[in-house]
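Have the sequence and the 3D view open as you read.

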Amino acid sequence: MQRLRSVFAGMLSVVLTVAMIFGFGASQAVAAEDGATSTTSSSTHNAIVLVLDNSGSMYGEPIERLKTATKQFVSKVLAKDPQSQISLVSFSNDTTVQDFTNDKTTLNDFADKNLFGDSGTDVTAGLQKADEVLKNFKDTASVKYARSIVTMSDGWPNSAESATNQAKSMFPDYNMYSVGFYPYEDNSASTFMKSIQNKGYFEANDLDALIQKFVEIVNVILNPLTIELSTKKWLQTYPTKATFYEIVAKITNPNNNAVSNVSASLATDKNLAITGSSKKTIGTIDAKKYQVITWDKVVPQVEGSAGASAVFEVTVEGHNIASIAKQGKIVLQQGTQNNVLDFSKDTWAFENYGEPKGYTLTDSDKQALLHGLDSTTTETVLENLSADDGGKRTDPSGGSCYGFAATSVLAKMNVVSPVSRQHGAKSVHDMKEGKEGGTVHSYINYYWFSQFWDSIKKEEQNFLDKANTTEGQKQQVTDIKSKAEKIKSGGTPIVLSFGVEYFGLSDWLKDGGAHGVVADNYEKLNNKVIDGHTFNGRVHVYDNNHPDQRDIYLYINDQTGDWMYSVPGTTWNFEQDANSFGAKPGTNWHLWGHRAYLMGATTDTSLWLDKDINTESANVKAELVAGKRTRAANIALHNGAESWEIDKILHGQYFNVPSYRPATDTASGADVHVVLPDKQSSYTVTGNGPYDYSLDYVDSLVSAKSDKATSAIFSKNGDASLKGSTGAYELSSTLDSKKKLFTYTVSGKDSSNVSLNKTAAGYVVSGDNLRNARITANDASTTKSVALNTTAKKVLVTDDGANVKAAVDKDNNGSFETVIASSDGSQNGSNGGQHGNNGGTPTAPDSGNGGPSASANDSQPNAATNAGSKNSVTTNSGANNGPQKLSRTGVAIVAIAAAAGVLLVGGVIILVARRRREN
C-alpha cells in the first residue's frame, strides 16, 4: 500500500504538470511595421473558484495531499498569469469561502486552516456556492474573465434530485462538465453525473484517457470557435475610380454544442476605413457548422498606397465563451501599373550563392525572424542556421534562390525593400553582394527561411497537392498562366518554384533539388513545338542563377499540362531536366531517369507579412522529412493499415502523397519533404539502413537518426523511438508551448531500442543502453546538457527553465525519485536502477553546443531526492506507517490534480471523494 500511495503521488505530480501546459487566455498583438498601427485584442484572464472536499472521508493523509495540491495549483496559476483571481471554497455539510484574490500567502493560509476533513458531502451546496461566488464577481471594462464549471464526483450525493435541479438552473450561465469516479460499474452514479453537465461527461477510470479528455475540454473552452480570414480587392470604375477591399470572416463552431448570441466586430488601423457598421450580429452557430460574415467595403486611407500595409482584427463574442480575436494584414496594391520586372532596377545584379556552414543571419535579422515563430518552426530555423550564428548547421547551405525570388517581388510591389542596408543604393539592382555573413546576405536568407512559415507552407502544399495527377498538373499550369496574364495590369509577379528528382544513379535521397525564380510576364504562342512537345504559351522568368540572362522562359500548355523550363546555353542537368517529359504523374518508368514537378506559384505578398500574426495553421499538413543520407530503396512509410514506399512517393505514384524539396537550387543538398494525408496520426518508417527522419506536425516536430536501424515511430504528442539501432543514434522532440526550453534531444550509441516519450512530468528516455548517453534541452538562444552513465533502462528528464535534471526510479516503484544528473553541475543518487555497479566516477564528456554539462555516475551512493522538479510530490517508500487501505480517495486526488488543467481556462472544480471505512 505504501507503494500504491507513492504511485499516486507520482501521478499527482504528473497531472499538476499537465495543468501548467494548458496555459491561459491572453492578449494578442500585431507587430507594427511599414507605418501600420498595432491592434490589440481584449484581455482575457481567469476567475477560478477551487471547490475542495472537506468531508470526513478526506480525513488524514488525503486532506494533507489536497492541501499540497491546492498550494501547488495556486502557485502555478499565479506564476503563469499573475492577473488571475482565485477563490477557494471548502465544503462538507457547510461551506467556507476565501474571496477572490491573487495573493498566494492568503490562499495558502486558507488551505492550511480550513481543510481538515469532517462531516458529510453535499454536491448541491458546492454548486450553489460556486454559482454565488462567480455571479458576484464581475468583468471589468478592460478584462473579461473566462468561467466554466467541472463537477467531479463519485456520483453519490446526499440528494441526487436536488443537485441535478441546481445544476440545470446553472446551465444557461456556465459551460458545465462532469467527471465521474467509480470503483466499479454503477449505472445510477453515471446517470446522475450525466444529468449535471451541459457540455460534456467523462469517466476517470483510466488516468491517461482522463488527461486526454481534459485536453479536449480545455481546447473547447479556450477555442470555442475558430476564425478564418480572407480579403479581396475590388476596383470601382463608376461613378468614380476607387479601390476598396472586402474582408471575410468564416466563423466555425467545431464542437458538439451550439453557441448562441454570437457577434463579430471589425477593427482597423489608420490605413483602412470601414463603411457601414463594424459590428455584425450572427446569432446562433450550430454544432459543426459555420457562418460567413462580410464587411464589403473597407476603403484604404493612404494616397498612392501601393505596397503600404494595413492591420485589421476581427473579434468574436458569444454566450458563455471568452472573446476570441484574429488579426490580418492587407498589402494595399492600388492602380493598374505594369509590374513586369525591370532588370536594371528590380533584380539582383549578382547571382545566387551558397555558404560553407549553413545559412547566415545578422543578430538583428535573427531576432526579427524568430520573433513570433512557434517552437517547431524556430527549431527548423535553428537546424538550418549556421552554427556560427547560434544555429546547429555546419555543412554547406546550398543556394538561397527562394530568398532572391521573394525579395525581388516584395521590392517590386513596394512591400519591403533592402536598399537602406547599403549606402547609395536606390534599387535592388544597385546593391552589391557584400561579404559573406553581411547584411545583404542576411536579408536574402531571412526570406529564404520564409519557406518554413505556416502561411507559405499552406500555400505551397495546396499547389503541390495537384502535382501527382495529369488533371492536377493542368490546373497548376492554368493557375500560373492566369496569374502571369495579370502582371502587366497591376498583378503581382509570381514566386515560382519547381523541383527535380533523379533515379538510377543510386538509391540515396541526395539526388534531387528545387529552385525558386520569378515569373513576370505571359506571352501567347501559336503551338510552338519543342522536342516533340507543343506549347501554347510561355512565361518570362528572372532566374537568380543567371541574373543577366533575359531569355529564360517557362513554356506551358494549359490544355495538356505540359511544361518545360528553358535556359538557353545551360549545361546544368537540373535546368535541362526541369520539364514534364521525364514521366507522366502517377506512372512508372525505367530505373534510369528523372521526374520534375511544379511546387509553388505565389503572388500573395501578405503571406510574407503573416509571420507575427495569429495565422490559421489548422490546414497546414504534416510532413515527413527525409535527410539526404537515407535511402529510398526498400524504405516504407506506414499509417495504420496504409503503407507507401518511399521510392514510389519520389516517383509521384501516389496521388495523395506528394513530395518536394525546399528551394535551394542544389541537386544534392536538400532534404525530401513528404506531405502526409493525415496530420494527426502516428507514423512508422521501416527498412534497413541509415535513418535521418523527422515528422513535422502542426504543433510538434519529432526526429530519429541512427547509423543504421530497422524502424522508427513518430507521434504527434512528441514521441519518437528507434528499433534495431546500431551505432550512434539521436532522438529529438519539439513541442509548441510556452516552455522556455522547448526541444529535448537524447543522443548516444549502441542501444538497440531507444525511445523519447513526452509525459506530463517531462520526457522519459528509455533504452537498452543509456551509458554515455547525452540529453540536451534548448530554446533559440540557450542549450542545457546532462551526460548519463547509468545502468537504468529509463530516465525522467525535467527542467525548471534554467536547469535540466535527470532522475531514475531506483526502487522500481513507479516514481523517478533519485536525481542522477543536473545541468548546473549537481548530482546525487545511487544505482540508476536495479542493476547498478560499483564503478568509479566517470569523466564528464564534452558538453557540445556550448551549453552547461553535468555527468552522472549512477554507482556512487548518495542521498535520494525527488525527481528533479521542485513541484513533484513523492513519498518515502521506506517509512513504516502501518497498514493503510486506500480505495477511491487516491484516485480522486489524482483526478483533482488532473482537473487543474481544466481550471487553467477559468472555472470551478467540484471535488468529491469517498473513502470506505474499514471495519
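Start with a side-chain pair: K457 and D696 are joined by a polar contact of 3.0 Å (a pair of N or O atoms within 3.5 Å; within protein, one must be able to donate a hydrogen and the other to accept it, and residues adjacent in sequence count only if both atoms are side-chain atoms). Before going on, note that this is a predicted model, where local features need pLDDT of at least 70 and side-chain atom pairs count only at pLDDT 80 or more, while totals for chains, interfaces and linings use all residues. Residues are numbered from 1 along each chain as its sequence is written, and side-chain values use heavy atoms, with hydrogens and water left out.

K457 sits in helix α12, residues 454-464. Helices here are DSSP runs of H or I with at least four residues, strands are runs of E with at least two, and both are numbered from the N terminus. K457 is buried, with a relative accessible area of 8%; buried means under 20%, exposed over 50%, and partly exposed in between (1.4 Å probe, protein chains only). Its contacts, meaning heavy atoms within 4.5 Å, include F452, V620 and E623, leaving aside neighbours within four places in sequence.

How many of the eleven residues of α12 are buried? Eight are, so α12 is largely enclosed by the rest of the structure. Among them are I456, F463 and L464.

Now for the partner helix. α12 packs against α13 (residues 470-485) at an angle of about 125°, with the axes 10 Å apart. Axes are lines fitted to C-alpha atoms, for helices over the stretch in contact, and angles run from 0 to 180 degrees between N-to-C directions. From α12, the contact uses E459, F463 and L464, and from α13 it uses Q476, D479, I480 and K483.

Elsewhere, four strands make an open antiparallel sheet in the order β8-β9-β13-β11. Strands pair if DSSP finds at least two bridges between them. β8 (226-236) and β11 (272-274) are at the edges with a single partner strand each, so one side of each has no neighbour in the sheet. β8 and β9 (residues 242-252) pair over eleven bridges, and W234 has F244 in β9 as its bridge partner.

| Residue | Phi | Relative accessible area |
|---|---|---|
| S119 | about 75° | 38%, partly exposed |
| N812 | about 60° | 42%, partly exposed |

S119 lies between α3 (104-114) and α4 (123-135), and N812 between β37 (804-808) and β38 (818-822).
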